[in-house]
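Let us walk through a few local features of this chain, keeping the model in view as we go.

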Amino acid sequence: MYETGDLVMDQERIVGVLLKYRHLSFIKILQRTVFSLYPLILIGSFANMISVNLLASNGFLAHFFNISAWLPFRSFLQAVFGDVARVTVGWCSPYAAMVAAILTTRYYHRENASAGLAGIISYVLIFLHTTRADTQVVQMRYYNAPWLIIGILVGYCVGRIFVRFGSAGKFNDFNQTNGPIMTNIMQNIKPLLIAVSAAFVLHVGFAIYRQFGVDQIVDQNISSLLSRHSNYLLNITLSLVNTIFVWLGFAEPVASPSSAYTNEAYANLAYALSHKTVWNLPHPFTPSALYLGFALLGGLGVGLALIIGILWADVRRRKHQIAAQSLIPTFFNIDLPIMFGASVFLNPMYLIPFVLCPILNMLIGSLAIYLHLMPPLVYPVLTGTPGILLPLMGTGGNVVALIISLILLVIDVMIYMPFIKLAEKVEIMDDQEKAGEGHD
C-alpha cells in the first residue's frame, strides 16, 4: 500500500514532468498564442451567440424573447453581428499564425515584426483556393477556430525561418533614422521569400488535392460510411476520436458525431410523430441521442463543468475572471472562450477530464435510456439551446431527462476538480520559478 509520503513524491514527479512539458518551446508559444487571442475570441463568441441564437429565426433566445415580434431590422442586425464573428473567430487561424510567428522570434531573442506578416501571408496562401466554378468565393472553413493548431504550426515554422535567416527588428524606436530600418527590412527579404515559397509549394499541393477531387472522394466515402446503420461502440468511438481532435486544437471532424446516421434520427422522428410517443423508438442510441444530448453540457469537453470547477476550486483571480467572462457563451454551448482562456489545447492537465466527461455522460445517459428512466432524444431543438436543457427539449419535456443532465453536470465538475487543482499547482510553481530566475 502507498504511504502518504509516497503519494506526495508521486505527485511531485507528475508536477515536475508537467513543468518540463510547459517549458517546451512549441508549448510555450502555443499557450502564449491562445492567451493573446483570448480577447478576440471572447468578443467573437458573444457576437456569434447574438447572431445565431438571439437574432436568428431558429435561435433559442430568439424564441424565448419572441424577438421577431418586437425587434425591427432583426435580419440586418443578425448580419452585422455575424460579420463581427466572422472577422474574429472566423479568421482565428491566420491570426494565430501571425501571433505565433512573432512570439517564436521573441522566444529565441530575435524578435521580428516582419515574421508576423510572413506568418499570416503563408497561412492564407496555403489554403486560399477559389471554388471549382472560378467564382472567386473563398472557402472559409480553413480559417476559423477548428484549424487553430495548423495556424500555430505554420506561425511557429515561419518564426523559426526568421530566427535562422532573418535579422531582428522591432521597429519600436521612433527616434531611429529610416536608414537602419530599411537595412533591417532588406535583410528580412530572404526569410520572407523562403516562408512564402514553402507556403506556395503547399498551396500547389493542396490545389492538386482539390483539383482532382480527392477531397470530394474523401467526403463521399465518409458520407457513405455514416449513412449505414450505426452501432453503439461506433457511436462512442466517434465521439472519443472527435473530442481528442478538439483537445489537439483541430476540430475539423467536430460535426461528424452529431450529423452521423441522420437516416436513423429521421426514422425515430417519424415513429414518434406517427405513434404519438417517444418510447420504444427503432434506434434509441443514435449519435444525436447520445452525443448532442449528453456530451455537450456547455460545449465539447463539458466546458460548463470546467468553468464551475475553476470558480469553485481555483484561487487565482485571473482564472476567475476568465471563467466568469466565458460563462454565458459556454452555457449556450459556445466554449471557445474557456478553451482559450484556460489554455485547454494540448494541455495534458485537462486531457483526461476533457475526453472522459463526454464519454461517461454518454454511457450514463444511454444506461438511463436502456432502463427506461427517460426516453431517447428524438425531437429537433432550436439553435443555441443550452446543453443542460438539450435532453429536456429533445425528449419533448421529460423532467427526468433534465434531472439526469443536472446529475451529469455535478459528476463532471467532480471529475474536473482534481485536475483543476493540479493545473493550479503547476502554474503557481511555474510562476515561482520564473520569479526566481528574474531575481538571479
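Helices here are DSSP runs of H or I with at least four residues, and they are numbered from the N terminus. The model is a predicted one, and in it Ser 366 belongs to helix α19, which covers residues 348-370. Because its relative accessibility is 4%, under the 20% limit, Ser 366 counts as buried. The side chain of Ser 366 comes to 2.8 Å from the backbone oxygen of Leu 363, and, once neighbours within four places in sequence are set aside, Ser 366 is in contact with Tyr 232, Phe 285 and Leu 290.

Ser 343 counts as buried because its relative accessibility is 3%.

A positive phi of about 60 degrees is also found at His 109, although His 109 is not a glycine. His 109 lies in the loop between α6 (92-107) and α7 (113-127), and with a relative accessible area of 72% this residue is exposed.

Which residues, finally, form a nonpolar patch on the surface? The patch is made of Leu 240, Val 241, Ile 244, Phe 245 and Leu 248, which together have about 340 Å² of accessible area.

Notes. Residues are numbered from 1 along each chain as its sequence is written. This is a predicted model: local features need pLDDT of at least 70, side-chain atom pairs count only at pLDDT 80 or more; totals for chains, interfaces and linings use all residues. Side-chain values use heavy atoms; hydrogens and water are left out. Patches are made of residues with over 30% relative accessible area and no salt bridge: like charges are joined within 9 Å, nonpolar side chains (Val, Leu, Ile, Met, Phe, Trp, Tyr) within 5 Å. Accessible areas come from the Shrake-Rupley method with a 1.4 Å probe; for residues, only the protein chains shown count as cover. A salt bridge is a side-chain nitrogen of Lys or Arg within 4 Å of a carboxyl oxygen of Asp or Glu. Helices (H or I, at least four residues) and strands (E, at least two) are DSSP runs, numbered from the N terminus. Buried means under 20% relative accessible area, exposed over 50%, partly exposed in between (1.4 Å probe, protein chains only). A polar contact is a pair of N or O atoms within 3.5 Å; within protein, one must be able to donate a hydrogen and the other to accept it, and residues adjacent in sequence count only if both atoms are side-chain atoms. Contact means heavy atoms within 4.5 Å.
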